[in-house]
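Please follow the structure below from its loops to its sheet, its core and its ring contacts. The account takes one element at a time.

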Amino acid sequence: ISFEDDGPSVTTMTATASGAVVTDETDDLGDAIVGAASVFTGGDVDLGEDGGSSAVTLLINTEATGFKTTDGDKAITLVADTTDASIVYGKYDDTGTQDGTAFTISIASTGVLTVTQAVAMVHPTSPNDYDEAITLGDKLLAVVTATDGDNDVATKSVAIGAQISFEDDGPETIASETGFMLNKLMQPSLTGLALDIDTNID
């Protein structure tokens with residue numbers, strides 16, 4: 001007489017464009033940007049007859065991001081939160097330890113991402129495009145874990161780093177006519193007036 005177990009299962013996951021998150025240094029520094037949908041499809045859980053629970057978390061696949069801070073050219077590394085597996089930080093050496101936070105990424109149980117960028121980061125040089133984006137590629141995974149009532153575990157994961165983009169902020173010049181008027185108001189003499197330039201966050 002045999003009594004076979006019943007284990008949990010998780011379906012295959014696929015990253016989705018609809019759940020992508022884009023932060024723009026021009027306006028979004030310090031703001032939490034929330035995805036419009038789950039960053040993946042699939043990941044459906046069947047706990048079987050034993051019951052149990054499921055969780056959606058983040059997993060670092062590669063710690064080195066290849067990113068650097070604009071201020072100080074400091075390398076940024078992915079670091080998992082010590083108590084919450086749904087949170088990952090982009091950390092850099094601010095005062096001799098990895099205490100500076102460049103960005104924070106979290107994932108909800110629904111698969112929706114939230115990204116908060118705190119500092120400007122180095123982007124590729126492109127004279128004709130100041131909104132270049134850098135992404136985490138395959139360095140970060142979303143994971144769905146199912147644990148049934150007698151602690152059998154099933155997991156599936158998918159790379160979601162390419163769904164997280166950090167857009168650049170570039171300088172801009174003001175039209176010469178506007179520059180003339182602004183400077184004329186601020187200075188009594190028009191001799192040697194410089195064109196107004198906005199270097200923005202970088």
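Asparagine 151 is exposed in this predicted model, because its relative accessibility is 62%, over the 50% cut-off. The residue is found in the loop between strand 13 (133–148) and strand 14 (153–167). Its phi is positive, near 70°, although asparagine 151 is a residue other than glycine. Most residues other than glycine have a negative phi.

Aspartate 73 also has a positive phi, of about 55°, and is not a glycine either. Aspartate 73 lies in the loop between strand 8 (64–68) and strand 9 (75–80). Its relative accessibility is 45%, so aspartate 73 counts as partly exposed.

Threonine 69 has its place in the loop between strand 8 and strand 9 as well. Is threonine 69 buried or exposed? At 3% relative accessibility, threonine 69 counts as buried. Leaving aside neighbours within four places in sequence, threonine 69 is in contact with Lys74, Ile76, Tyr92, Val119, Ala120, Met121 and Val122. One of these contacts, valine 119, is 50 residues away in sequence, with a C-alpha to C-alpha distance of 7.0 Å.

Six strands form an open sheet in the order 4-12-11-10-9-8, and their pairing is antiparallel. Strand 4 (32–38) and strand 8 are the edge strands, each pairing on one side only. From one strand to the next, the twist averages 25°. Within this order, strand 11 and strand 12 run antiparallel and are joined by five bridges. Threonine 104 has threonine 116, in strand 12, as its bridge partner.

Now consider the packing of nonpolar side chains. The largest nonpolar core has 33 residues, and the members that touch the most other members are Phe40, Phe103, Ile105 and Leu113. Two or more residues come from each of strand 7 (52–60), strand 9, strand 10 (87–92), strand 11 (100–107), strand 12 (112–117), strand 13 and strand 14. Which strand gives the most to this core? Strand 13 does, with six residues.

Not counting residues up to four places away in sequence, leucine 113 touches Gly19, Val21, Ile33, Val34, Gly35, Val39, Leu58, Ile105, Ser106, Ile107, Ile160 and Ile164.

How many aromatic pairs does a search of the whole structure find? The search finds three. One of the aromatic pairs is formed by phenylalanine 67 and phenylalanine 166, with 5.9 Å from centre to centre and 80° between the planes, an edge-to-face arrangement. Phenylalanine 67 lies in strand 8 and phenylalanine 166 in strand 14, so the pair ties together parts that are 99 residues apart in sequence. Phenylalanine 67 is buried, with a relative accessible area of 6%. Phenylalanine 166 counts as buried too, at 0% relative accessibility. Ring pairs also bring in Phe103, giving a cluster of Phe67, Phe103 and Phe166.

The charged end of lysine 91 sits over the ring of tyrosine 89, at 5.2 Å from the ring centre.

Methods: Residues numbered from 1 in each chain as written. Heavy atoms only, no water. Helix = DSSP H or I, 4+ residues; strand = E, 2+ residues; numbered from the N terminus. Buried < 20%, exposed > 50% of the residue type's maximum accessible area, 1.4 Å probe, protein only. Phe/Tyr/Trp six-rings, centres within 6.5 Å; stacked < 30°, edge-to-face > 60°. Lys NZ or Arg CZ within 6 Å of the ring centre and 35° of its normal. Core = buried A, V, L, I, M, F, W, Y, C linked by side-chain atoms within 4.5 Å. Contact = heavy atoms within 4.5 Å. Pairing = 2+ DSSP bridges. Axes fitted to C-alpha atoms, helices over the stretch in contact; angles between N-to-C directions.
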